[in-house]
Amino acid sequence: MKRLIALAFAAAAVATAPMSAMAAHAGEVAPEIHVDSAKGALNLASFKGKVVYLDFWASWCGPCKQSFPWMNEMQTKYGAKGLQVLAVNLDAKKADAEKFLTEMPAKFQVAFDPKGEAPRTYGIKGMPTAVLIGADGKVIEQHGGFREEDRAHLEEQIVKALAAASAK
């Protein structure tokens, strides 16, 4: 039931967002977000110069349980090379997210957006959805869902983005 309510909320949020706010297209500057994290207020601009893997997730999301270990691996493997994984939780109750994080600890930054403002800005339609943002602040790609067969492609995109950033 919790999942149905959350899906209905997400669908309503996307349906009511102005079209101009739904911008996460490849090649365009990534829309700014302002969210709260355990370390305080966080905005995307603070990661300028880094490749950002921006992941939108919820505690009830089955594929999110698969993506967290992979995101931990990517942060560990590429963090020193300029990657920052940032996961934005969309649960209405922070306690639900905290319970999830107890079971699936994150080695990357986690932020909370219970009002769903950040996903509306990006036109997110399902969980998980990730947006890969280059060091130049432009969207490289948006990817919905998370499956075993996605891992190699996503890592390849991260490696390419890091190589492009270091070439400049």
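Which residues line the largest cavity? In this predicted model, the structure holds 1 cavity of 30 Å³ or more, and the volume of the largest cavity is about 50 Å³. Its lining is made up of Tyr-53, Ala-130, Val-131, Leu-132, Glu-141, Gln-142, His-143, Leu-154, Gln-157 and Ile-158. The elements that give two or more residues to this lining are strand 6 (129-133), strand 7 (139-144) and helix 5. When the lining residues of the largest cavity are sorted by class, they divide into 6 nonpolar, 3 polar and 1 charged.

The axes of helix 2 (residues 62-78) and helix 5 (residues 151-167) come within 12 Å, and they cross at roughly 30°. Because angles under 35 degrees count as roughly parallel, helix 2 and helix 5 are therefore described as roughly parallel to each other. The crossing in which helix 2 passes helix 5 is right-handed.

On the side of helix 2, the contact is made by Gln-66, Trp-70, Met-74, Lys-77 and Tyr-78, while helix 5 contributes Arg-151, Leu-154, Glu-155, Ile-158, Val-159 and Leu-162. Sorted by class, the residues in the contact of helix 2 with helix 5 are 7 nonpolar, 1 polar and 3 charged.

The two parts of this picture can now be joined at particular residues of helix 5. Leu-154 and Ile-158 belong to the contact with helix 2, and Leu-154 and Ile-158 are also among the residues that line the largest cavity.

Conventions. Residues numbered from 1 in each chain as written. Predicted model: local features only at pLDDT ≥ 70, side-chain atom pairs only at ≥ 80, totals over all residues. Heavy atoms only, no water. Axes fitted to C-alpha atoms, helices over the stretch in contact; angles between N-to-C directions. Helix = DSSP H or I, 4+ residues; strand = E, 2+ residues; numbered from the N terminus. Parallel < 35°, antiparallel > 145°, perpendicular 65-115°, else oblique. Left-handed = near helix turned anticlockwise from the far one by under 90°. Contact = heavy atoms within 4.5 Å. Nonpolar A, V, L, I, M, F, W, Y, C, P; charged D, E, K, R; others polar. 1 Å grid on protein atoms, 1.4 Å probe; cavity = no way out; pocket = protein on both sides within 12 Å on 5 of 7 lines; lining within 4 Å. Points joined across faces, edges and corners; volume = space filled by probe spheres on them.
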